[in-house]
Amino acid sequence: VQKKNLNPTWAPILISFQKLCNGDIDRPLKLECIDWDSDGSHDAIGNLTISWRALQEAAGKEPITLIHPRKNVPAGKLYVMQASLEEQPSFLQYIQQGCELNFMVAIDFTASNGHPADPNSLHYMNPAVPSKYQQAIQAIGEVLEFYDSDMNFPAYGFGGKYSNEPVQHCFALNGQGFNPEVHGTAGIIQAYHQALSVMTLHGPTLFAPVINAAVAQAAVMHTNIRTQQRYLVLTILCDGMILDMEATVDAIVKASSLPLSIFIVGIGAADFSNMRVLDGDDAILTTRTGHRAARDIVQFVEIGARTGNDVKQITAELLEELPGQFTKYMKMNDSQFRDHGFNLLSWGCVIFAAALAWDQQQKKKKKKKKKKEKAASADQGDAGGTTFTAASVDTGDRQDTLRETCPGHSLAARQDRGLPESDAWRHNAAHFRPD
């Protein structure tokens, strides 16, 4: 949105070529320009239908005429300053070129989980039925361990303590603070059981210490990213609310520029509302001092009462955003393939749309002035502006982002049409093992 501007120049729009037009350069796209109002009573200015091919041809040349949607008359001119494609390596291509995922886990040892000897405890050790913590560790670890060559994983607990010592908010499950790594998923589970036998569940629940431990490790990876591509995945398993929300947001925002993703797994039926805030799907995480996350790195899922195959399904949901988080970090840091001759399948596109000039500028100014006077008389300020949006032609409703909603969006449809697959994470490890 460009506010209080009748000749706006919009910021660049970055979007996957798959989402924009499903890889079809002749697919019709609907571009829409509206007069934005703070009260939601937006007014249509003009729109047009155009393909990606035509957008590229129009870049830097004569303006394109916008048509008023109701009056069907010219409503303005749209100048396309630049429309270009950028080749983007995909997640799997990075993996095939030798990039490693490193797995790190942190488990909630607070008293709200219940004593491990209590059958109702989330940590209850039933030889016949693994706890939900163990199920989650097993399901996630079995996928990620295939992408780590040495399979040595740092494993921590938080919120627990030894009998007469202060509570610890980041302790090694194996009791070796100088070397918290264990071997493979089986090693994590063994260390988890060992820690339960010697630690007292306590509290409170704090995330910042374990996230900061991951940040320290990811910072080293970031320094060496051009010579050794490694990416850390921290998985936090917890049973409820955290008491250090501000410190946790600060830590996540700091981590957002590093090779790190954070999975949060909610165990049980507690209130996980602040976990959804950390997820960042609804709003970009921002610290109390105004610093914004460089990218979304958190994914939250809730296991609740689900068991068995359902836990594996939740694991698939948890891993779904990892490829996008990973490739965005690599793009931010301009990391390149070791084999530059590799065939690229994943595309990105950048559209620069700018400088809308009205044919009837004076008329529009008068209309704007009347609306402001009306708003002022009602003691309601109007933060008006101009919004440029785009969508596929059959989206129906007005959109506020570029997106693709036409038939053929599914993976199966893309495969049937011979189009490249997206970076969607498959739902089991076998599909993701590099050849």
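Is Arg288 buried or exposed? With a relative accessibility of 56%, Arg288 counts as exposed, where exposed stands for over 50% relative accessible area, buried for under 20%, and partly exposed for what lies in between (1.4 Å probe, protein chains only). Before we follow this residue further, a word on the model itself.

This is a predicted model, in which local features need pLDDT of at least 70 and side-chain atom pairs count only at pLDDT 80 or more, while totals for chains, interfaces and linings use all residues. Residues are numbered from 1 along each chain as its sequence is written, and side-chain values use heavy atoms, with hydrogens and water left out. The score called pLDDT is the predictor's confidence in each residue, from 0 to 100. For the protein chain its mean is 77, and 75% of the residues reach 70 or more. Two stretches call for care. Over residues 335-363 pLDDT stays under 50, and the model has 106 contacts beyond four places in sequence for them; a contact means heavy atoms within 4.5 Å. Residues 378-384 also stay under 50, with 13 such contacts. Where pLDDT is low, the predicted coordinates should not be read in detail.

Now back to Arg288 and its partners. The structure holds four salt bridges, each being a side-chain nitrogen of Lys or Arg within 4 Å of a carboxyl oxygen of Asp or Glu. In one of them, the side chains of Arg288 and Glu246 meet at 3.6 Å, N to O. Arg288 sits in the loop between helix H8 (273-279) and strand S15 (298-302), and Glu246 in helix H7 (residues 245-255), so this pair ties together parts that are 42 residues apart in sequence. Helices (H or I, at least four residues) and strands (E, at least two) are DSSP runs, numbered from the N terminus. Arg288 also forms a salt bridge with Asp250, whose closest N and O atoms are 2.6 Å apart. Here, too, distant parts of the chain are linked, since Asp250 belongs to helix H7 and the two residues are 38 apart. Asp250 is partly exposed, with a relative accessible area of 24%.

Another salt bridge joins the side chains of Arg276 and Glu302, at 2.8 Å from N to O. Arg276 lies in helix H8 and Glu302 in strand S15, so the pair ties together parts that are 26 residues apart in sequence. Both ends are partly exposed: Arg276 has 43% relative accessibility, and Glu302 has 27%. Through shared partners, salt bridges join Glu246, Asp250 and Arg288 into one network.

Let us turn to the strands. Seven of the eight residues of strand S3 (residues 29-36) are buried, so this strand is largely enclosed by the rest of the structure. Strand S4 (residues 43-50) pairs with S3 in the antiparallel sense over seven bridges; strands pair if DSSP finds at least two bridges between them. Leu29, for example, has Ile50 in S4 as its bridge partner. The two strands form a hairpin with six residues between them, and in the turn Gly40 has a positive phi of about 90°.

Elsewhere, Thr235 has its place in strand S13 (residues 230-238) and is buried at 1% relative accessibility. Beyond its neighbours within four places in sequence, Thr235 is in contact with residues including Phe103, Ile140 and Val265.

A nonpolar core is a set of buried Ala, Val, Leu, Ile, Met, Phe, Trp, Tyr and Cys residues joined through side-chain atoms within 4.5 Å. The largest has 48 residues, and Val265 is among those that touch the most other members, as are Leu101 and Phe109. Helix H4 (residues 132-144) gives the most to this core, with seven residues. A second, separate core of 33 residues includes Phe158, Leu258, Leu278 and Val298.

Aromatic rings complete the tour. Rings of Phe, Tyr and Trp (its six-membered ring) pair if their centres lie within 6.5 Å, with planes under 30 degrees apart counting as stacked, over 60 as edge-to-face and the rest as tilted. The whole structure has eleven aromatic pairs. Phe272 and Phe300 have ring centres 5.6 Å apart and planes at 45°, so the pair is tilted. Phe272 is buried at 1%, and Phe300 is buried at 10%. Finally, Phe91, Tyr94, Tyr231, Phe326 and Tyr329 form one aromatic cluster.
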